[in-house]
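Welcome, and take a moment to look over the model before reading on. The notes below are meant as a friendly first tour.

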Amino acid sequence: MVSATKVEGEYSFLSKNSHLDQSEGVKTHLYHFGAEHGNDDLKSTACPEQGPSLLDTILLSQWDNFAWKGHLDYDVTACQLKVIEGGINFVGQLNNKWNSFSLKEYDKLFESFRCSKPNSMKSYEGLLLCVAQGENDRPEVAPSASPPKDGLLLIANAYPVEYGHIFLVPAAVNQLSCYWDKRMFGLATKIASEVNNAAFRVFFDSRTHVVSDHMFFQACYFPNPLPVESASTVVLYEYGGNARSDIIVSETVGYPLKAIVFTSNNLKALVNVVSEICFSLHDNTTAYSLLISNNGTKVFLFPQVKNLVTGCSLSTWECGGYFIYHTKFEFDNASETEISKRMASVSLQDSAFEDLKHLCCAIAHDLVK
Amino acid sequence: MASSGAEEADPGEREREEHGDLHHQRRLASSLTARYSDWVLEALDELPGSFLLTDPALAGHPIVYASRGLTALTGYARREVLGSGARVFQGAATDRAAVAGVREAVRAQRAHQVAILNYRRDGSPHWVLLHLAPVFHARDGSVLHFLAVQVPIDDAGRGAGAPCRGAQGAVLAACREEARVDDDFPCASYSGKVFVDMDKRGLEAEKPRVASDSEKEKAISTANSIVAALNRYSKLTGLVVSGKRCDSVGIPALSSSLNLSLGYSREEILGCNCRVLNGPGTSLEVIEEINQHICSEQACTVDLLSYRKDGSSFPDLLHVSPIRDASGKVAFHIWVHLDVGAKHDFNGLTPEVWQLGAVGAVRVAVRGLSASGSLLRPSQ
C-alpha cells in the first residue's frame with residue numbers, strides 16, 4: 001500500500017545520472033494488470049457491480065488534474081454538442097480550436113517521453129500513467145515508478161476530441177517490431193477491458209497512428225453510444241463450438257460506411273483475429289480504422305478507400321459517427337445527408353467489401369478452432 | 001404567495017387593471033429578458049411543470065412569467081396571471097398560517113417549501129406543494145426574482161395525522177360553498193376545521209396534507225432546472241447569476257458512491273444548500289474562497305471543518321468543480337466531500353486522486369446530457 005502524493009512534477013531529471021537507460025528519469029503512476037491465470041476470459045475478474053474500476057478512476061483523475069492545471073489547449077467540455085437530425089443520429093461538436101496533429105508532431109511528442117532529456121516540462125506533465133503487466137493476482141497501482149520497457153504510456157492529448165483524450169504509446173521502442181505490434185494491440189484492448197467503462201473507447205487509424213513504423217493508439221470518453229454502435233448488424237460468422245473462444249463476425253446494416261464488427265468475450269481470440277486481418281489489409285495497402293468499444297469486447301473495422309476526387313478520408317472518430325466542426329456555420333448546417341455522402345465516398349466498393357468479409361470469416365474460422 | 005411585506009389589497013388590484021395595457025405587458029416581460037437574455041423565455045418554455053417567476057422589485061410583486069404547465073394544473077391561461085400577485089391562486093380556505101410562512105420567506109429571501117391549498121380558475125381547490133426559491137445576483141447578492149414551483153399533491157398523500165373532525169355545521173356549509181366541491185372531498189371538512197381554528201387563534205393549524213418524497217424531489221428538481229436555465233442565459237447579457245446566492249448552493253443530486261457519512265439521509269440532503277454541513281468551526285474565509293471559485297466557474301480544493309447531523313465535526317477535504325453538459329455551459333457544481341479523518345480504502349490511491357476520479361466520472365456522464373438533463377437528442 002502506498003500513501004505518497006501524486007507525482008506530477010516530481011521527476012528526477014538526468015542531470016547527474018547516466019543517459020544509458022532511457023526509462024530512467026521519468027516517474028509516474030504505474031498500474032499493473034492482475035496476472036492472468038491461464039484463463040483467457042477476462043470477464044471473470046471484472047465485477048461490474050463494484051463501481052468504477054481502479055484504472056478508470058486513476059485515469060479520469062489524472063486527466064482531470066491535468067486539465068485543471070490548465071495544460072489543455074481548451075476545455076473540451078465547453079464545446080457544444082448536438083445530435084444531427086436523421087435516423088442515424090450523428091453527433092456534431094463545435095470546436096474551433098481542435099487541431100489534428102501532424103505525424104511529425106506525434107513523433108516529437110512521443111520521443112520526448114522516451115528520451116532521457118525532456119524537451120519541455122509540459123510534455124512530462126502530460127504523462128498521466130503507465131500501464132504494464134503485473135505479477136500479482138489483483139491489479140495495483142504504484143504512485144511513483146519508472147515505466148518498464150514493456151509498458152504502455154498514457155499521455156494526455158492537449159487538443160482533445162473529447163474528455164479524457166489520451167495517446168497510448170509504447171514505453172520503449174522495440175526495434176524489431178514491424179508496424180503492427182500484436183502485443184501492443186493486446187495491451188490496448190486489455191486497457192479497454194480493465195477500464196470497464198462503456199464510455200471509454202480505444203481507436204487506431206492506419207494512416208495516421210503509425211510513427212517511425214511504430215503504432216500507437218488513442219482513447220477517450222464519451223458517455224452516449226456512438227452512431228455506429230447503435231447501428232443494426234447482421235451476423236456473418238459465428239463460431240458455436242467452444243463457448244470460451246466464441247467470436248462473432250458481423251457487418252453493419254444501414255450505416256453509410258461499410259464496417260465489420262468483431263465481438264468476443266475472449267480477449268485473446270479477438271486480438272488474434274483482428275491482428276491477422278490487419279496484417280492482410282496492410283499487405284493490400286488498404287487504409288482502415290479500428291474502434292475498440294464495449295469494454296474491449298467489440299472491435300469495429302472501418303476499411304476505407306482513398307477518394308481520388310476529393311482526397312477525403314475519415315478519422316476513426318468520424319467513422320464512428322462523431323464529427324468536429326470548426327465554425328458555427330458548418331456546425332449549424334451539418335446534415336445527415338452530407339455526412340452520409342462523405343462516408344459513402346470512402347466506403348469500399350461492394351465487391352472489395354465482399355472479399356474482405358470472406359477473408360474475415362476465413363481467418364476467424366482458422367484461428368478460433 | 002404574498003407580496004413582499006405590503007398590504008395585499010390595492011397595489012395588486014391596480015396592477016391587474018392595467019393588465020391589458022401593452023406597455024405594462026412589455027415591462028413584465030422585460031423583467032426577465034433585460035436581466036438575462038431574449039432567449040430565456042424560450043428556454044423556460046421548454047421546462048415541464050407548473051411554475052412562476054415573480055419580480056419583487058416591481059410594485060405588487062407581480063408574476064412576470066408563468067410556465068406552460070400552469071394551465072393544466074390551475075386552469076388559468078398564462079397571460080391571465082401575468083401582472084397579478086401570486087395570491088391569485090389562494091382562496092377562502094387557504095391556510096393563513098401557510099401564506100404567512102411564505103410571505104416571511106419572501107421577506108427573508110430564503111427558500112421555502114409548504115403544502116398549501118390553492119384554487120383553480122374554476123374555483124375548485126387543490127393541494128399543491130409550493131416550493132419557493134430566490135434567484136440571486138451573483139455579485140451583489142440582491143434578489144432578482146422569486147421562483148415558485150407548484151407540484152400537485154396526490155389525494156393519497158394525505159398526512160396520517162390528519163383526522164377528519166367534524167366542524168360546526170354552518171361554517172362547514174359556508175366553506176363548501178366557497179370550495180364548490182363534492183361532499184366527500186376530504187378537504188371540505190378540513191377547510192372547515194382550518195376556518196374554525198382561525199377564530200380560535202392560539203391553536204396550531206395542522207398541516208392537512210403532506211407531500212410525498214417524490215413530490216418534494218420533483219419540486220426541487222424543477223426549481224433547479226429553472227435556475228440552471230436562468231443561469232445559462234444570464235451569461236449572454238454579461239450578468240453573472242448564481243444558481244442561488246453564492247453561499248447557498250443547492251445539492252441537486254447525491255451519488256451513493258460518494259463517501260459521505262454525515263448522519264443525514266439522502267432525502268434530507270437533497271435540495272438543501274451546502275451550508276447544512278457548516279458549523280461553528282467552519283472557516284468563513286474558506287467558504288468565501290469557494291464562493292468566488294463557483295462564481296468564476298473554476299474548480300477548487302479546500303480543507304475545512306464540516307459538521308454531521310449530530311453536530312460532530314470532521315476534517316473535510318472538499319473539492320468543488322463546475323460540471324458542463326452537452327451545451328457546453330455549466331449545468332451545476334459538484335461538491336465532493338471527504339472525511340480525511342476516517343479510514344478509506346482507495347486501493348492505493350490517495351484521497352485527492354480518488355476525489356478527482358469521482359469528479360471525472362460525473363463530467364463524462366453529464367457531457368452526454370442536454371440542458372434539460374435528458375440524453376442528447378436531435379433538435380426539433
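This is a predicted model: local features need pLDDT of at least 70, side-chain atom pairs count only at pLDDT 80 or more; totals for chains, interfaces and linings use all residues.

Residues are numbered from 1 along each chain as its sequence is written, chains are lettered from A and ligands numbered from 1 in the order in which they are written, and side-chain values use heavy atoms, with hydrogens and water left out.

**Where chain A meets chain B**

- Chain A brings 35 residues to the contact and chain B brings 34 residues, where contact means heavy atoms within 4.5 Å.
- About 2,700 Å² is buried between chain A and chain B, and carbon and sulfur atoms give 65% of that area. Buried area here is the accessible area (1.4 Å probe) that two parts lose on being put together, summed over both.
- On the side of chain A, the residues that lose the most area to chain B are A:W68, A:T77 and A:V83, together 20% of what that side buries.
- Three salt bridges are counted between the two chains, each being a side-chain nitrogen of Lys or Arg within 4 Å of a carboxyl oxygen of Asp or Glu.
- A salt bridge joins B:R367 to A:E162, with 2.9 Å between the closest N and O atoms.
- Ten residue pairs, both at pLDDT 80 or more, are in polar contact between chain A and chain B. A polar contact is a pair of N or O atoms within 3.5 Å; within protein, one must be able to donate a hydrogen and the other to accept it, and residues adjacent in sequence count only if both atoms are side-chain atoms.
- In chain A, α1 (54-68) and β2 (81-83) are the elements that give two or more residues to the side touching chain B. Helices (H or I, at least four residues) and strands (E, at least two) are DSSP runs, numbered from the N terminus.
- The largest share of that side, eight residues, comes from α1(A).

**The five-stranded sheet of chain B**

- Five strands of chain B form an open antiparallel sheet in the order β2-β1-β5-β4-β3. Two strands pair if DSSP finds at least two bridges between them.
- At the edges are β2 (63-66) and β3 (112-119) of chain B, each pairing on one side only.
- Nine bridges link β4 (residues 125-136) and β5 (residues 143-152) of chain B in the antiparallel sense, and B:L129 stands opposite B:V151 in β5(B).
- Helix α6 (residues 96-108) of chain B packs on this sheet, touching β3, β4 and β5, and its direction makes about 135 degrees with that of β3(B). Axes are lines fitted to C-alpha atoms, for helices over the stretch in contact, and angles run from 0 to 180 degrees between N-to-C directions.

**The three-stranded sheet of chain B**

- The order in this open antiparallel sheet of chain B is β6-β7-β8.
- Since β6 and β8 (330-336) of chain B are edge strands with a single partner strand each, one side of each is left without a neighbour in the sheet.
- Strands β6 (residues 300-307) and β7 (residues 313-324) of chain B pair over eight bridges, and B:L304 has B:D316 in β7(B) as its bridge partner.
- In their hairpin, with five residues between the strands, B:G311 takes a positive phi near 95 degrees.
- Six bridges connect β7(B) and β8(B), and the bridge partner of B:S321 in β8(B) is B:I334.
- Helix α12 (residues 351-367) of chain B lies across β6, β7 and β8, running at about 30 degrees to β7(B).
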